[in-house]
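Hi,

Here is the structure I promised to send over. Have a look, and my notes follow below.

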Amino acid sequence: LAQALQCGRSAIVNPSAMLCAALRTRVAGRIARPAAVVSCRAYNYGTPVLWIVRYDDPTWDAEREHEYELIPRDEFGVPVSLPPEVSTNIRHTYYVPPQYYPFLKKLGDDTPELKPYTDKLMNGQMTFFDYEEMFYKFAKPLKVHRSQIPMPYRTEEEIKKTAEVTWEGKWLSYRQRVWGDYQTQHHVRDFMVGMALGTFFSWIGVQHMKQYRVDMKLFYLEAPEHKINWVKPRGDL
C-alpha cells in the first residue's frame with residue numbers, strides 16, 4: 001500500500017480507524033492529484049457505501065479549480081506542442097496480439113485480395129488510411145430480399161377472435177385511463193392539502209413572532225422598573 005501511494009496511484013483500502021488515520025501521503029506535482037481513495041464498506045464486503053477522496057494539497061478542489069497542466073492532443077494522441085510538420089509524419093499503426101496471427105494468415109490465404117492488408121496488420125504497418133482503403137474496397141451494401149421475409153400469419157381461429165381481442169384492448173385502455181385519473185386526483189389532492197397546511201402553520205408562526213416583537217417593545221417602553229439596559233443620565237446631556 002505504501003509503495004502504491006508513493007507512486008501516486010489510487011488505493012482502495014478497507015476502513016479501520018487506525019488505517020484511515022495513517023493514510024497520509026505527499027505527491028509531488030498536480031498531475032497525480034488523488035493521493036488516496038478510501039472506501040468505507042458495510043457488512044456486505046465488496047460494496048462501497050462511502051467514498052472519501054484525499055489530495056496532497058488540503059486546499060485543492062478538483063471541481064472548482066481549473067487544471068491547465070493537461071497537455072492538449074490531436075486525434076491520434078500526439079501532443080500539440082509538436083509542430084504539424086512533425087506530428088503529421090508519424091505513422092500510427094494498429095497493433096494486433098500475436099495469438100490472432102494464425103487467423104489473419106488463414107484469412108489472407110483464403111482471400112488473396114485481403115492478403116496485403118493482413119500482412120500489413122501482422123507486420124505492424126497498417127495505418128488508419130490503409131484501414132479506410134480496405135473497408136471501402138471490400139464493404140458491400142446489404143441486400144434485402146423482401147420476398148423471402150414471411151408475412152404475419154394468423155389461423156382461422158385467431159381471425160375469428162379479432163373482435164374479442166379488440167374489445168379486450170379497449171377494456172384495458174379504459175382501465176388504465178381510470179387508474180391514471182384516480183392517481184392524478186389523489187396526488188393533486190394530497191399536494192393541495194399539504195400546501196394549505198404548510199401555509200397555515202407558517203402564517204401562525206409569523207404572527208407569533210410578530211406579536212412577540214410587539215410585546216417585547218411594549219415591555220421595554222412601558223415597564224421602567226424592568227429596563228435592564230437602562231442608561232443612567234449623567235446630567236451633561
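First, a term: a salt bridge here is a side-chain nitrogen of Lys or Arg within 4 Å of a carboxyl oxygen of Asp or Glu. Please keep in mind that this is a predicted model, where local features need pLDDT of at least 70, side-chain atom pairs count only at pLDDT 80 or more, and totals for chains, interfaces and linings use all residues. Residues are numbered from 1 along each chain as its sequence is written, and side-chain values use heavy atoms, with hydrogens and water left out.

The structure has five salt bridges. One of them joins Asp119 to Lys115, with the closest N and O atoms 3.9 Å apart. Both sit in helix α5, four residues apart, or about one turn (helices are DSSP runs of H or I, at least four residues, numbered from the N terminus).

Lys105 pairs with Asp109 at 3.3 Å between the closest N and O atoms. Because they are four residues apart in helix α4, about one helical turn separates Lys105 and Asp109. Lys105, Asp109, Lys115 and Asp119 are linked in a salt-bridge network.

How exposed are these residues? Asp119 is partly exposed at 26% relative accessibility, and Lys105 is partly exposed at 48% (buried is under 20% relative accessible area, exposed over 50%, partly exposed in between, using a 1.4 Å probe and protein chains only).

Asp110 and Lys106 also form a salt bridge, 2.9 Å from N to O, and both of these residues, Asp110 and Lys106, are exposed.

Cheers

Technical notes. Helix = DSSP H or I, 4+ residues; strand = E, 2+ residues; numbered from the N terminus.
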